[in-house]
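The sequence and structure are shown first.

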Amino acid sequence: MVTERNNIVLIGMPGAGKSTVGVILAKRAGLQFFDTDLMIQGRERMRLQQVINSKGLDYFRYVEEQVITNLALEYSVIATGGSAVYYPKGMDNLRQNGPVIYLQVSLAELEKRIADMGQRGLVMGKGQNFADLFAERTPLYKKQADVTVQCDGKTAEEVAAEIELQISEIYPGLISPTGYNGSVAR
């Protein structure tokens, strides 16, 4: 397991922009980018919603927890699935890997952004709707976050720049103006 905090971990609701912002942030900082949802899809060889539909929500949760609990990366931006905050051991591992950034987006904005809610692989209980999920997860995101970035009305580039600025102020040396840990960003 990686013990240095040399990664940046993104958490937030589905539709918050973790993957999009993560790629931009990784390029700006000269880092690798990993998306735990894509890691699950690669492991299972099917889309997230297909995993949930064919193998069940409990199985999906087991796989997701295993992926984030065993993640051992360095010099990376890590975009997590929206349900990552349900796994204490997984979040402990992520927190050991680097600062956790919560991409905070209002419910109204999220509902505008998510057109394919039935195909997103949402981890929801029976009878639960997206607003219920938002209300349930928001306190968990806030609890786990080292930094919260309000994303409503901002482009992905603006969010990435704000993360970069906040990280450089709170964690000096993690990201430098020339790229990650002083390396030249390309």
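A residue counts as buried under 20% relative accessible area, as exposed over 50%, and as partly exposed in between. The model discussed here is predicted.

## Overall organisation

The protein contains eight helices and seven strands. Of its 186 residues, 49% are buried. The accessible surface amounts to about 8900 Å², and carbon and sulfur atoms contribute 52% of that area.

Helix α3 spans residues 48-55, and its buried residues are Leu 48, Gln 49, Val 51 and Ile 52. These residues lie on the same side of α3, because the arc they cover around the axis is only 160 degrees.

Between α3 and α4, the packing angle is about 130 degrees and the axes are 6 Å apart. The two helices are therefore oblique to each other. On the α3 side, the contact involves Leu 48, Val 51, Ile 52 and Lys 55, which meet Leu 57, Tyr 59 and Phe 60 of α4. Gly 56 follows α3 and has a positive phi, near 95 degrees.

Most residues other than glycine have a negative phi. Arg 45 has a positive phi, near 60 degrees, and is located in the loop between α2 and α3. With a relative accessibility of 78%, Arg 45 is exposed.

Tyr 75 also has a positive phi, in this case near 50 degrees. The residue belongs to the loop that lies between α4 and β3 (76-79). Is Tyr 75 exposed or only partly exposed? Its relative accessibility is 36%, so Tyr 75 counts as partly exposed, since that class runs between the 20% and 50% limits.

Thr 138 is part of helix α7, which comprises residues 130-144. Its relative accessible area is 12%, so Thr 138 is buried, the limit for that class being under 20%. The side chain of Thr 138 reaches the backbone oxygen of Phe 134 at a distance of 2.7 Å.

Terms used
Residues numbered from 1 in each chain as written. Predicted model: local features only at pLDDT ≥ 70, side-chain atom pairs only at ≥ 80, totals over all residues. Heavy atoms only, no water. Buried < 20%, exposed > 50% of the residue type's maximum accessible area, 1.4 Å probe, protein only. Helix = DSSP H or I, 4+ residues; strand = E, 2+ residues; numbered from the N terminus. Arc of directions from axis to C-beta. Polar contact = N/O pair within 3.5 Å; in protein donor to acceptor, adjacent residues only side chain to side chain. Areas by Shrake-Rupley, 256 points an atom, 1.4 Å probe, with all protein chains shown as cover. Axes fitted to C-alpha atoms, helices over the stretch in contact; angles between N-to-C directions. Parallel < 35°, antiparallel > 145°, perpendicular 65-115°, else oblique. Contact = heavy atoms within 4.5 Å.
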